[in-house]
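Please look over the sequence and the three-dimensional structure shown below.

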Amino acid sequence: MNLRIIVLAKQVPDTRNVGKDAMTPEGTVNRAALPAIFNPDDMNALEQALRLKEQNPGTSVGILTMGPPRAAELIRQGLYRGADTGWLLTDRLFAGADTLATSYALATAIKKIGGADIIIGGRQAIDGDTAQVGPQVAQKLGLSQVTYAEEILDCKDGRLTIRRHIDGGTETVSAPMPCLITVNGTAAPCRPANAKLVMKFKRASCPSERVALPVKPGTPGRDDSYDYLYDSREWLNLTQWSVADIDGDPQQCGLAGSPTKVMAVQNIVFQAKESKSLSDSDADIEWLVKELRDEKIIG
Amino acid sequence: MNNVFVYCELEGTVVAEVSQELLTKGRKLADRLGVSLEAVAAGTGIKGKVESQILPYGVDKLHVFDAPGLSPYTSAPHTDILVNLFKEEQPQIALLGATVIGRDLGPRVSSSLTSGLTADCTQLEIGDFEDKKTGKSYKDLLYQIRPAFGGNIVATIVNPEHRPQMATVRSGVMQKEIKDPAYKGEVSYPDVSKYVPAEDFVVSVLDRHVEAAKNNLKSSPIVVAGGYGMGSKEGFDMLFELAAALHGEVGASRAAVDAGFVDPSRQVGQTGVTVHPKVYIACGISGQIQHIAGMQDSDIIISINTDPEAPINRIADYIITGRVEDVVPKLIKYYKKNSK
């Protein structure tokens with residue numbers, strides 16, 4: 001069965017490994033101190049998509065992402081692992097989107113692509129932890145959704161059997177295609193990049209990335225000319241779409257299309273409590289244990 | 001119209017604790033706004049079984065949707081119940097548990113109604129908002145307050161123009177409190193087929209395993225929590241030993257859970273469990289906001305850290321500067337010595 005699969009992926013700041021320099025003295029986020037990575041749950045989703053591709057010859061896997069031009073790196077990371085294509089949504093009008101405006105942009109792009117049998121993404125992104133975009137895309141496309149998926153067990157007769165995490169346990173569900181799946185971080189980790197595919201796709205880029213490339217000496221038609229490279233090898237040309245390219249309504253994109261507004265952002269400074277400082281000496285620890293016992297704080 | 005709504009999550013016919021916590025919070029918000037508190041429950045064979053678990057929290061009107069196929073939960077039917085009910089009732093606020101169900105349902109409903117939804121709120125308050133860009137002022141909005149950006153900042157989110165203002169809250173963040181065991185609320189039993197079209201029942205649950213909670217972290221009076229600095233699964237062994245000696249439970253920071261040192265059910269923080277113990281012993285935990293959001297209401301906080309400037313020390317009652325590997329065995333030793 002030839003499946004058409006779209007993987008939703010997000011480039012995120014690596015908020016798991018923030019050091020003390022992650023915040024500026026003014027209390028704003030120091031983005032420069034955080035590397036941009038492929039959102040971890042989205043990697044688990046990619047793995048499930050690639051497994052379906054292996055089991056169903058003729059299947060195509062495409063990576064759909066929204067972000068600044070550098071987010072095209074996600075598409076390359078997908079291609080290195082076995083994805084076939086990708087689409088980057090990049091436009092100033094997409095900026096400042098909350099989950100609803102993001103889901104509008106992604107759903108509109110999916111319509112432009114011509115839909116899919118399976119749309120699959122991570123359960124949530126580590127920079128927001130909301131888990132909202134997947135279900136919102138499903139709703140906008142009128143699709144069934146299966147969230148918190150851990151493994152796609154079976155795909156036949158137009159239906160998927162999926163094991164998913166639920167509070168306190170697991171559940172196995174059967175859902176008709178087309179459907180949208182969000183994958184939990186407990187699912188199988190993604191395979192590493194394949195060296196041959198890295199060789200093939202490492203120069204793949206979207207048009208707005210190429211603007212930033214240094215101009216390489218060489219005349220058109222010669223091997224070391226980038227123009228020649230991209231003209232002769234169509235697989236190196238990544239698709240880049242603006243709001244207009246997907247026939248989107250600017251009023252529903254980005255900040256304009258976001259019902260939620262950030263009223264205030266604070267870097268919390270905790271009120272210092274009156275605290276007792278102790279060393280790790282035996283005397284100090286024994287004193288603490290006795291104090292807690294005397295105050296009947298511990299039994 | 002314009003009331004506060006709470007979606008009550010069910011396991012069979014039992015109302016989830018998080019929903020009762022939200023009813024308690026919803027009652028306070030409704031009082032502050034001078035409106036009614038309404039609740040929604042949807043399941044199979046629940047009529048006559050859920051009312052007494054919901055009304056005592058001060059619910060003025062309860063909508064019970066009882067029909068085959070509504071339990072176990074699947075996305076589409078529950079979405080259409082809320083969407084169609086909200087279209088009729090026009091709530092100003094809708095609250096859901098930040099559970100697997102609430103986080104599956106909330107976004108779908110918010111997308112359908114084009115309303116804003118904030119996940120994993122740690123505080124909900126009512127207040128005014130002035131949009132500096134448009135110059136418009138809004139009275140009595142829901143402040144949806146949550147740590148953001150991996151827990152490094154706290155953001156206050158508002159939804160000025162769209163209704164309902166939707167938020168999810170994790171279990172244990174709010175405290176449940178019965179308002180009046182005999183609280184008189186109206187109960188309605190709508191005709192489910194008027195809200196849920198037959199084609200909603202397309203996803204079927206083939207098999208389901210739910211186990212009782214693996215640990216008692218949420219209600220344990222003593223929590224011994226470890227951070228990424230514990231280094232390994234084995235590193236946590238001494239924390240389990242201390243917790244066993246004190247009759248407490250072991251918790252962990254997100255970094256320790258992500259590293260696979262302990263089961264995710266032990267994660268304390270905004271995206272884990274919120275605890276309110278008598279004693280919280282933080283072992284090698286630096287104290288990101290998202291972690292502190294889940295334990296700051298502990299009565300006594302003891303911090304063991306090699307870094308005297310660790311952020312968690314600012315909220316600690318006792319600060320032990322030293323290595324966890326040195327301090328914890330001593331705590332066990334002197335506790336055993338002094339409790340004989």
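## Helix packing across the two chains

In this predicted model, helix 4 of chain A and helix 4 of chain B pack at an angle of about 45 degrees, with their axes 8 Å apart; the axes are lines fitted to C-alpha atoms, for helices over the stretch in contact, and angles run from 0 to 180 degrees between N-to-C directions. Helices here are DSSP runs of H or I with at least four residues, strands are runs of E with at least two, and both are numbered from the N terminus. The two helices are therefore oblique to each other, given that angles under 35 degrees count as roughly parallel, over 145 as roughly antiparallel, 65 to 115 as roughly perpendicular and the rest as oblique.

The crossing of helix 4 of chain A and helix 4 of chain B is right-handed, a crossing being left-handed if the near helix is turned anticlockwise from the far one by less than a right angle, and right-handed if clockwise. Helix 4 of chain A contributes Pro135(A), Gln136(A), Ala138(A), Gln139(A) and Lys140(A) to the contact, and helix 4 of chain B contributes Asp104(B), Pro107(B), Arg108(B), Ser111(B) and Ser112(B), where two residues are in contact if their C-beta atoms, placed from the backbone, lie within 7 Å. By class, this contact of helix 4 of chain A with helix 4 of chain B has 3 nonpolar, 4 polar and 3 charged residues; Ala, Val, Leu, Ile, Met, Phe, Trp, Tyr, Cys and Pro count as nonpolar, Asp, Glu, Lys and Arg as charged, and the others, Gly among them, as polar.

## Conventions

Residues are numbered from 1 along each chain as its sequence is written, and chains are lettered from A, with ligands numbered from 1, in the order in which they are written. Because this is a predicted model, local features need pLDDT of at least 70 and side-chain atom pairs count only at pLDDT 80 or more, whereas totals for chains, interfaces and linings use all residues.

## The contact between chain A and chain B

The contact takes 67 residues from chain A and 70 residues from chain B. On the side of chain A that touches chain B, at least two residues each come from several elements, including helix 3 (99-113), helix 4 (133-141), strand 7 (144-156) and helix 8 (282-294) of chain A. The largest share of that side, 8 residues, comes from strand 9 of chain A. By class, the side of chain A that touches chain B has 29 nonpolar, 23 polar and 15 charged residues.

## Helices within chain B

Helix 3 (residues 75-89) of chain B and helix 4 (residues 100-113) of chain B also pack at an angle of about 45 degrees, with their axes 9 Å apart; these two helices are therefore oblique to each other, and their crossing is right-handed. Among the residues that make the contact are His78(B), Leu82(B) and Phe86(B) of helix 3 of chain B, and Leu105(B), Arg108(B) and Val109(B) of helix 4 of chain B. By class, the contact of helix 3 of chain B with helix 4 of chain B has 6 nonpolar, 4 polar and 2 charged residues.

At 1.5 Å a residue, the 17 residues of helix 1 (residues 17-33) of chain B should span 24 Å, and its end C-alpha atoms are 24 Å apart, which agrees; the expected span is 1.5 Å times one less than the number of residues. Buried residues of helix 1 of chain B include Val18(B), Leu22(B), Leu29(B) and Ala30(B), a residue being buried if 20 or more other C-beta atoms, placed from the backbone, lie within 10 Å of its own, exposed if 12 or fewer, and partly exposed in between. Just after helix 1 of chain B, Gly34(B) takes a positive phi of about 70 degrees.

Chain A has 8 helices and 13 strands, and buried residues make up 47% of its 299 residues. Gly248(A), in the loop between strand 11 (239-241) and strand 12 of chain A, is buried, with 25 other C-beta atoms within 10 Å. The C-alpha atoms of Gly248(A) and Tyr104(A), 144 residues apart along the chain, are separated by 8.6 Å.

## Backbone features

The peptide bond from Met177(A) to Pro178(A) is cis, with omega near 0 degrees, and Pro178(A) is found in the loop between strand 9 and strand 10 (179-183) of chain A. In chain B, a cis peptide bond joins Arg163(B) and Pro164(B), with omega about -5 degrees.

Asp120(B), in strand 7 (residues 117-121) of chain B, has a positive phi of about 55 degrees although it is not a glycine, and Asp120(B) is buried. His247(B), with phi near 60 degrees, counts as exposed, with 11 C-beta neighbours inside 10 Å.
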